[in-house]
Structure formats: C-alpha cells, structure tokens
Amino acid sequence: ASKSPIQSIVKETHSTIHSKPSSAPPASLERVVFNTEHIWKNDVLNSVTPRGSISDHHKVVLVTGAAGFVGTHVSLALKRRGDSVVGLDNFNRYYDPKLKRSRQDLLLNEGVYVVEGDINDMELLNRLFDTVRFTHVMHLAAQAGVRYAMKNPSSYIHSNIAGFVSLLEVCKSLNPKPAIVWASSSSVYGLNTKLPFSEEDRTDQPASVYAATKKADEEIAHSYNHIYGLSLTGLRFFTVYGPWGRPDMAYFEFTKNILKGKKITVFQGPGGVSVGRDFTYIDDVVKGCVAALDTAGKSIGREGKRKGLKAPLRVFNIGNTSPESVEKLVGILERLLKKKAMRDVQEMPKNGDVMFTHANISLAARELGYMPTTDLETGLKKFVEWYVDWIQKD
Ligand SMILES: O=C(O)[C@H]1O[C@H](OP(=O)(O)OP(=O)(O)OC[C@H]2O[C@@H](n3ccc(=O)[nH]c3=O)[C@H](O)[C@@H]2O)[C@H](O)[C@@H](O)[C@H]1O
C-alpha cells in the first residue's frame with residue numbers, strides 16, 4: 001500500500017506518546033539522561049503535519065537556532081510556502097531571552113513549534129530524528145557576535161564547533177541522511193585586504209575567535225562531506241539586519257540609544273578612516289537560505305561514495321554587494337528616528353573587528369539565483385518601524 005503523506009514524514013516506530021516521563025530507574029547510573037520527549041512529541045508531530053497536499057519538492061526541515069533572528073525568518077518562510085518545519089533553540093541568555101520568546105510566539109502562531117534544547121544534546125537530537133524523517137537541516141544555532149568572543153571564547157567553541165560536530169555526528173548515522181545548510185560568516189575573510197571578498201579568497205587569517213570557529217566549521221564540513229557523504233552548504237552571511245534582529249548588533253543598539261538620548265560609540269579606523277559593512281537585509285538573506293536548501297541535493301552516505309557518487313559541498317557569500325560606512329548607517333537612523341545621535345567617536349579597538357566587508361555574490365547569483373534587492377535605507381526603515389512598534393508593546 002502506498003504511504004500517506006504524513007507517514008513519509010513521521011517515523012513509524014513512534015506511535016506511542018507518553019504523557020509522563022517514565023518513573024523507571026535509569027538503565028545506566030553513569031549516564032542519566034533527562035528525556036523531554038513527552039513534552040514536545042505531540043507538538044513536533046503537529047508542526048510537521050502539512051497543511052495541504054504535499055508536492056514532490058516538499059521539505060521537512062529542522063531549523064536549529066529557530067528562535068534566533070535569522071532562524072525565525074527562515075522558519076516562517078519555509079512554513080508559509082508549505083514545508084514542514086520544526087525548530088530547536090536553547091534560548092540562552094547571550095541577549096534578552098524575552099525577544100527570543102516573542103519570536104517563538106510568532107512562530108507558534110504560524111504553526112512552527114520550537115523544541116527547547118541544545119544542539120550539544122545528542123540524545124535529544126537522536127530522539128528528534130527518530131520522531132521525524134527530516135529531509136533537510138537548516139543549522140543556524142550559534143554563538144554570534146564578533147567582539148563578545150574576547151569575553152567568552154569558550155562559548156564559541158561550545159556552540160559553534162562542538163555543537164556543529166554533535167549535529168553532524170547524528171546526521172551521519174541516519175538513513176537516509178538529511179542535507180545540511182548552515183551559517184558561516186563574512187568574518188572568515190579576516191584580515192584580507194583584497195575586495196570584494198570572493199569564495200576562493202584566503203580565509204586563514206581570522207581576526208576573532210568567532211571567525212576562527214566559523215572557519216573551523218568550514219573545514220569540519222569538508223571532512224564530513226569527504227568521509228560520510230553529507231551534503232553541506234555553508235552560507236557566509238554579511239552583517240544581517242532587519243525586524244526581529246539581534247540587540248547586540250550596532251544598528252539595533254544605535255536605534256535604542258538614539259531614541260533614549262544616550263551616547264553611541266562609533267568606531268573609526270586609524271587616521272579617521274571610516275569602518276564599513278556590506279549590511280544585508282534579512283529578507284534577502286532568507287531568499288539565499290531557501291535557495292540553498294532547494295539546491296542542496298542529497299547526502300549520499302558512505303554507500304553512495306563507494307558507488308562513486310559525490311555529495312555537494314558548497315560555500316556561498318550572502319551579502320548585499322554595496323557596503324556602507326557606519327557613519328552613513330547612523331545618518332540614516334537619525335533621519336528615520338528624527339533625532340540626532342550623540343556620537344562618541346573612538347578608534348576601533350583591536351578586539352576582532354575588521355575594517356571593511358564587501359561581498360562578491362556572483363557564485364550565489366549563478367548557483368542559487370541569489371540577488372539582493374534591499375538597500376540600507378529601505379531595510380533600516382522596516383527595522384525602525386518594527387522596533388518602534390515592538391518597544392511600545394514591551
Ligand atoms: O558578517 C558577519 O559575519 C558578522 O556580522 C555581524 O558582525 P559585525 O559586522 O561586527 O556587526 P555589528 O556588531 O552590527 O557592527 C557593525 C559595524 O558597526 C561598528 N560598531 C559596532 C558597535 C559599536 O558600538 N560601534 C560601532 O561602530 C562595527 O565596528 C562594525 O563595523 C554579526 O554581529 C556577527 O555575528 C557576524 O555574523
């Protein structure tokens with residue numbers, strides 16, 4: 001008999017849903033695992049149940065970091081076009097978790113459930129993959145922020161390196177194996193001075209531990225593709241901004257402080273040279289993510305490799321191709337907020353920041369059809385509208 005759509009998504013072995021955790025003593029005293037499956041299982045199954053009929057292109061996607069900025073937007077875009085989506089997020093306190101909870105509410109309203117847990121929890125990952133036949137993983141969970149890496153470097157190793165390996169370890173053992181698209185960073189270009197940055201440029205001079213962990217991930221992706229035949233696509237995001245953004249980023253903090261009449265720190269290079277970024281609007285980034293999922297091909301496993309097949313291993317710049325100075329960013333915000341900023345101009349501290357970023361996106365344009373369409377002014381206008389509304393409700 002042919003399978004119903006939902007049967008091809010949900011693993012058949014999991015028909016019993018326990019409403020309470022088992023009270024039986026743990027089998028092994030050395031390793032006591034807190035199993036949260038009873039909490040999330042029904043919601044996860046609802047989250048992957050398609051709203052209508054499913055097409056041949058239907059994807060079943062696990063989005064890690066789903067309550068994060070990019071994760072929320074990508075989850076919504078996938079759900080809205082009819083894919084099955086489940087989120088995973090550890091709701092850590094790097095910035096106010098209230099914002100993450102609001103994003104979670106937004107997702108829940110649209111039928112996307114976010115499981116609360118860490119990507120380092122392989123037991124949890126195994127249970128999730130045991131419950132749902134994910135075709136794709138959109139891996140966005142990470143410790144972000146360039147400058148915070150000097151304060152807490154081990155959090156970057158934990159989330160960005162150990163967490164990535166834990167996810168890949170689980171994926172490599174599945175059958176069939178999902179294709180994985182994950183967030184790298186423009187920061188891998190480090191101290192490069194050749195502009196604009198192209199994927200083939202050197203990436204062996206990271207200026208921060210954050211950048212070093214993203215670069216390490218690119219090498220780790222290579223090895224899992226080479227040994228286990230996993231399809232892996234790394235996206236080098238360039239300073240992503242927009243509604244529901246990250247409060248630790250300059251545009252967000254500037255907006256907050258300008259409105260409060262507080263000083264903002266504007267970094268400058270030596271001799272007053274302005275610092276610039278290829279600020280990229282979230283909707284453009286989402287298009288890049290979705291296109292990367294759509295073109296990810298298949299993980300072929302060791303079996304496929306033995307047959308001489310190759311799983312895709314790709315890396316793309318997802319930038320805007322038109323860098324602007326931080327000074328220009330502040331000027332736009334002043335106009336939109338109708339308020340003068342109190343600038344405290346300082347020489348850029350040597351804490352991981354780079355002077356300038358600029359993406360060459362020809363590869364992404366060719367392979368993904370990626371073409372950003374939002375300039376900084378338009379994007380910031382949308383951010384400010386969201387921000388003003390959001391703080392009023394807060
Ligand atoms: O592309 C990336 O891969 C990264 O993008 C983002 O990093 P950055 O480009 O550093 O963004 P962001 O902090 O907004 O600073 C923007 C500009 O404002 C300047 N800046 C910053 C703070 C400040 O107080 N003053 C200031 O002038 C600062 O010198 C800089 O020139 C993500 O945070 C990061 O997680 C990663 O994804």
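Predicted model: local features only at pLDDT ≥ 70, side-chain atom pairs only at ≥ 80, totals over all residues.
Me: Hi! Which residues of helix α5 are buried?
Reply: In α5, residues 122-131, the buried ones are Leu124, Leu125, Arg127, Leu128 and Thr131. Seen down the axis of α5, they fall within an arc of 160°, so they line one face of the helix.

Me: Why do residues three or four places apart point the same way in a helix?
Reply: An α-helix has 3.6 residues a turn, so residues with that spacing point the same way.

Me: How do the axes of α5 and α6 cross?
Reply: They come within 10 Å and cross at roughly 40°. That makes α5 oblique to α6. The crossing is right-handed.

Me: Which residues meet there?
Reply: From α5 there are Met122, Leu125, Asn126 and Phe129, and they meet Ser166, Leu167, Glu169 and Val170 of α6. By class, this contact has five nonpolar, two polar and one charged residues.

Me: Switching topic: at what angle do α11 and α13 pack?
Reply: Helix α11 (residues 326-337) packs on helix α13 (residues 376-393) at about 50°, with the axes 10 Å apart. The two are therefore oblique to each other.

Me: Is that crossing left-handed or right-handed?
Reply: α11 passes α13 in a right-handed crossing. On the α11 side, the contact is made by Leu329, Ile332, Leu333, Leu336 and Leu337, and on the α13 side by Leu376, Glu377, Leu380, Lys381 and Val384.

Me: How many of those are nonpolar, polar or charged?
Reply: Eight are nonpolar and two are charged, with no polar ones.

How values were computed:
Residues numbered from 1 in each chain as written. Buried ≥ 20, exposed ≤ 12 C-beta atoms within 10 Å, placed from the backbone. Helix = DSSP H or I, 4+ residues; strand = E, 2+ residues; numbered from the N terminus. Arc of directions from axis to C-beta. Axes fitted to C-alpha atoms, helices over the stretch in contact; angles between N-to-C directions. Parallel < 35°, antiparallel > 145°, perpendicular 65-115°, else oblique. Left-handed = near helix turned anticlockwise from the far one by under 90°. Contact = placed C-beta atoms within 7 Å. Nonpolar A, V, L, I, M, F, W, Y, C, P; charged D, E, K, R; others polar.
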